[in-house]
Amino acid sequence: MDRATIRTLMLPGLLAKKLRSSRSIHTTSLRKFSQLNTTQVLLEPVPESPGILCLSLNRPHSKNAISMQLLKEFKYCLETIRNDNSSVFMLTPPTNLHLILGNSVRSLIIRSSQPGSFCAGADLTERRTMTTTQVQTFLLDLRTMLSLLENLPLPTIAAIDGPALGGGLEIGLACDLRIAAADVKKIGLPETRLGIIPGAGGTQRATRLLGVAKAKDLIFTGRSLNSYEAKEIAKGVGFTGLGLIDYIAEPPQTAADRAVHLALEMLPSGKAPLAIRAAKLAISRASDLALESGLDFENACYQPLLGTKDRDEALLAFKEKRLPNFKGE
């Protein structure tokens, strides 16, 4: 069965007809589709940028607050990306909609499906209807989902175009890099103002990123920061951290736009995807290991790359004075 036939069988109705006449599904088409159903998480390709995939939160009327359904779909999408090496991705659990990408996923962007938004944290309206056991299960599932996100073997970027509070910021902290739009006013961990603490990794990941004192200041006060404050928060005497935010997208660029540009810098033109994955693994373990153990682990990540086709291609391209054509093999 050829790829065109598979696409036709996998995509329902008008969307399948559209795909037969186009090699990519445009984001706008998927957003229109999302308005017709209850899908709360979408996986969307970036047109003309194979290898970049966007995971879009799709609860615009609640500022993408994390409901039980959104959490379930988010976790499902991450598991699909992690487990499926054939480049065939099911977009959401409740539908029969699939997407076939021309290349394997090299970078993942977490964003909102609608402009001016990111994630306002847990759905407190839903939370009021939950039992203590359901809340505990929700937190455990959220922790599991964020660990999946953090441990994906590819670069992840949070595109923060609106409030990132509580669980929303915890999503960002689980990504490799965070970009905020210049006009974002609410970035923080306000849980202590609600009689609780960050419960899905916020106390741990913020401390590793900012240092103990800055993490305590952020969490004890529960204050909200604007994008510039979030970028500068870790600057101070005795600590040189980069802050909660790595980049700020200046108008008219959105954080999602800036995230795509950053992801493009990581694509295979001159950067081997297997090398990036190995580098992420080595860097992620650095803070957990003593230096000598870390050096041993770095070497363990380095050695397998020597036998890859990408490594041979890099040497051949250097000899021929051209850019390498990496394939992740």
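Two strands pair if DSSP finds at least two bridges between them; strands (E, at least two residues) and helices (H or I, at least four) are DSSP runs, numbered from the N terminus. This is a predicted model, in which local features need pLDDT of at least 70, side-chain atom pairs count only at pLDDT 80 or more, and totals for chains, interfaces and linings use all residues. Residues are numbered from 1 along each chain as its sequence is written, and side-chain values use heavy atoms, with hydrogens and water left out.

Strand 12 (residues 247-249) and strand 8 are parallel, with three bridges. Next, select strand 6 (residues 156-160), which runs parallel to strand 8 and is joined to strand 8 by four bridges. Here Ile160 has Ala180 of strand 8 as its bridge partner.

Now select Glu150, Leu173, Cys175, Asp176 and Ser284, which lie nearest the centre of the largest pocket among its 31 lining residues. Strand 8 (177-181), helix 6 (132-150), helix 8 (202-210) and helix 12 (273-286) each give two or more residues to this lining. Helix 12 provides the largest share, seven residues. A pocket is an open set of points on a 1 Å grid over the protein atoms alone, with protein on both sides within 12 Å along at least five of seven lines; lining residues have an atom within 4 Å of a point. The largest pocket holds about 1,100 Å³ of space.

Technical notes
On a 1 Å grid over the protein atoms alone, a cavity is a set of points where a 1.4 Å probe fits but cannot get out, and a pocket is an open set with protein on both sides within 12 Å along at least five of seven lines; lining residues have an atom within 4 Å of a point. Grid points are joined across faces, edges and corners, and a volume is the space filled by probe spheres set on the points.
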